[in-house]
Amino acid sequence: MPESIVTNTQREVWLRGPVDGVPPLLQPVAHALLQAAEEVEAMLHAFPDDLLFTRTHGVASVGFHLQHIAGVLDRLTTYARGSALSAEQLAALHAEGSAPEPGTSAAALVRGVRERVHTTIDYLRTVPESALVEPRLVGRSGLPSTTLGLLVHCAEHTMRHVGQLLVTSRVLRERQGVQAEDGVE
């Protein structure tokens, strides 16, 4: 059978092989997070900065989704470590959806998502598989979870917001008559 003409970078991340240093049981989490980062970068390439915090049809803004993805990964990995959120993390949570400073760019928020994904994957490399079933408490109410539950939620929650981000960015671009480059969307 002839070798596929599809290059590694054209395949979805989960088909590119294991992520170096990530334990086997956490590979799906790493794959989903890397896929999300790639999709966010592709869909928001050259996204108009003036549309970042625009809400349409009653849904969250593109800027909110980008801040929220990065923030949730930070918060969930904090809980996975068995720690409580810091005052800085709580302040960031309450600021999600607001422009952090005038002139905030889509590129900067996308970079923040990419950096948080890589920080999360670096954390995955440190998690022994024996710790995956350890109980963890979530939030001020101390809701029960496990290390694995929190890390799987990192992946599924991120991908949920990436899907919402795709739709919202497309609607905003079309409403403004701005086409995505290279037919990404």
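In strand β2, the bridge partner of Pro135 is Thr146. Further along, Val138 faces Leu143 of β2. Helices (H or I, at least four residues) and strands (E, at least two) are DSSP runs, numbered from the N terminus. Together β1 and β2 make a hairpin with four residues between them, and Gly139 in the turn has a positive phi of about 75°.

A word on the source of these values. This is a predicted model, in which local features need pLDDT of at least 70 and side-chain atom pairs count only at pLDDT 80 or more, while totals for chains, interfaces and linings use all residues. Residues are numbered from 1 along each chain as its sequence is written, and side-chain values use heavy atoms, with hydrogens and water left out.

I turn now to the helices. Two packed helices are described by the angle between their axes and the distance between the axes. Here the axes are lines fitted to C-alpha atoms, for helices over the stretch in contact, and angles run from 0 to 180 degrees between N-to-C directions. Angles under 35 degrees count as roughly parallel, over 145 as roughly antiparallel, 65 to 115 as roughly perpendicular and the rest as oblique.

Helix α5 (residues 147-176) packs with α2 at an angle of about 180°, their axes being 9 Å apart. The pair is therefore roughly antiparallel. In the contact of α2 with α5 there are 15 nonpolar, eleven polar and no charged residues. For these classes, Ala, Val, Leu, Ile, Met, Phe, Trp, Tyr, Cys and Pro count as nonpolar, Asp, Glu, Lys and Arg as charged, and the others, Gly among them, as polar.

Helix α1 (residues 27-43) also packs with α5, at about 15° and with the axes 9 Å apart. That makes α1 and α5 roughly parallel, and their crossing is left-handed, meaning that the near helix is turned anticlockwise from the far one by less than a right angle.

How do α2 and α4 meet? Their axes come within 9 Å and cross at roughly 20°. They are therefore roughly parallel, and this crossing, too, is left-handed.

Finally, the pockets. A pocket is an open set of points on a 1 Å grid over the protein atoms alone, where a 1.4 Å probe fits, with protein on both sides within 12 Å along at least five of seven lines; lining residues have an atom within 4 Å of a point. Grid points are joined across faces, edges and corners, and a volume is the space filled by probe spheres set on the points.

The largest pocket has a volume of about 360 Å³. It is lined by 19 residues, with Gln67, Ala70, Gly71, Ala92 and Leu109 closest to its centre. Helices α2 (62-80), α3 (87-95) and α4 (106-124) each give two or more residues to this lining.

The second largest pocket, of about 230 Å³, has 13 lining residues, and nearest its centre lie Tyr79, Ala84, Leu85, Gly139 and Arg140.

How values were computed:
Pairing = 2+ DSSP bridges.
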